[in-house]
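Please examine the sequence and model below before reading the report.

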Amino acid sequence: MELKITCIPGDGIGPEIVAEAKKVLDKAGEVYGFTPVYTDILMGGTSIDACGVPLTDEAIETARSAQAVLMGSIGGDTTKSPWYKLPPNLRPEAGLLKIRKALNLFANLRPAYLYKELADACPLRKEISDKGFDIMIMRELTGGLYFGERKTVEENGVRKAIDTLVYNENEIRRIAIKGFEIARKRKKKVTSVDKANVLDSSRLWRAVVEEVAKDYPDVTLEHMLVDNCAMQLVKDPAQFDVILTENMFGDILSDEASMVTGSIGMLSSASLNDTKFGLYEPSHGSAPDIAGLGIANPIATILSAAMMLRYSFDLDQAAGAIEAAVQQVLKDGYRTVDIYSEGCQKVGCVQMGDLIAERIQ
């Protein structure tokens, strides 16, 4: 079976970490009977340099013709790079916004998983971190406050800014369906997060989520106000499985959850549309200061590739094998510089990819 994958190596450490993710995917394919077929496209700074824009229409069509997209990272040093002297619509990150819109990637998945081997890096108290946690934050990505009408006006000599928060029931229903479907692949619990005690948009959110829940009797649904959820993430993160929420709440909560894991260099992510198609990328940036030094941590990109196998191709067993290989490498004491601690063996980007690939079985 061939898997048709478009790759975006991108900028900074992107080409290095994507190369290791490909290596691991190829090994998983050998073991589990599939063949990844890769087509690379330019996006971000590399596309600006070659084509004058952060993402061409031709590149979008190449991505659209694939079954999934695997991305490294885009962007550069915002204080030094000439890319950031360009208008905002021509800067590297504009390419990411363009591809999300063009491919209708409305569902953002941000896992937050605490590896026992990295528990010392967790900022929470030991009695909390010892319980571990494995959370999937489902963030609606193309609606809400960030995409509503906005304006700044002056009234009677006083400046006033207006941002509009809008959701319709169809936007809520499609992200809720994704949330419940993913919960079925996990521990079968959805925590829907809103501010229904104040906001009409949240009251509609809650009502639609409850309607969707009726189609998933095997999944437990609970509601939680966003302020309480922010507190519970640091008080008892082990209680969560899938957190389902709107755009701005998800933006804030996913960053909070990522920091309690202790290392953003370990965190994968995915953005899905209403089919099996998705764009998979690490949560970290392009780290231009270490690009080319061979010390980047490829694990977040490798775990993003595992998410791709699970959610775009339904290859759960192969995805689990990659995740288990990552855990085994950490258990064996190997670390890249960003997660290194005394007594471990420090390795570079390529060696980390080799070690993970060797342990896939």
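## Basis of the model

The model is predicted; local features need pLDDT of at least 70 and side-chain atom pairs count only at pLDDT 80 or more, while totals for chains, interfaces and linings use all residues. Residues are numbered from 1 along each chain as its sequence is written, and side-chain values use heavy atoms, leaving out hydrogens and water.

## Lys178 in helix H6

Lys178 belongs to helix H6, residues 169-184 (helices are DSSP runs, H or I, of at least four residues, and strands, E, of at least two, numbered from the N terminus). Lys178 is buried and has no salt bridge (buried means under 20% relative accessible area with a 1.4 Å probe, protein chains only, exposed over 50%, and partly exposed in between; a salt bridge places a side-chain nitrogen of Lys or Arg within 4 Å of a carboxyl oxygen of Asp or Glu). The nearest side chain of opposite charge, Asp274, is 7.0 Å away.

Not counting residues up to four places away in sequence, Lys178 touches residues including Phe106, Met138 and Asp274 (contact means heavy atoms within 4.5 Å).

## Packing of H6 and H7

H6 also meets helix H7, residues 200-213: their axes come within 9 Å and cross at roughly 50°. Among the residues making this contact are Ile172 and Phe180 of H6 and Trp205 and Val209 of H7.

## Positive phi in two loops

Asn156, in the loop between strands E6 (150-155) and E7 (158-163), has a positive phi of about 55° although it is not a glycine. Asn156 is exposed, at 83% relative accessibility.

Lys188 lies in the loop between H6 and strand E8 (189-194), with a positive phi near 60°. Lys188 is partly exposed, its relative accessible area being 33%.

Terms used: Lys, Arg positive; Asp, Glu negative; His and termini not counted. Axes fitted to C-alpha atoms, helices over the stretch in contact; angles between N-to-C directions.
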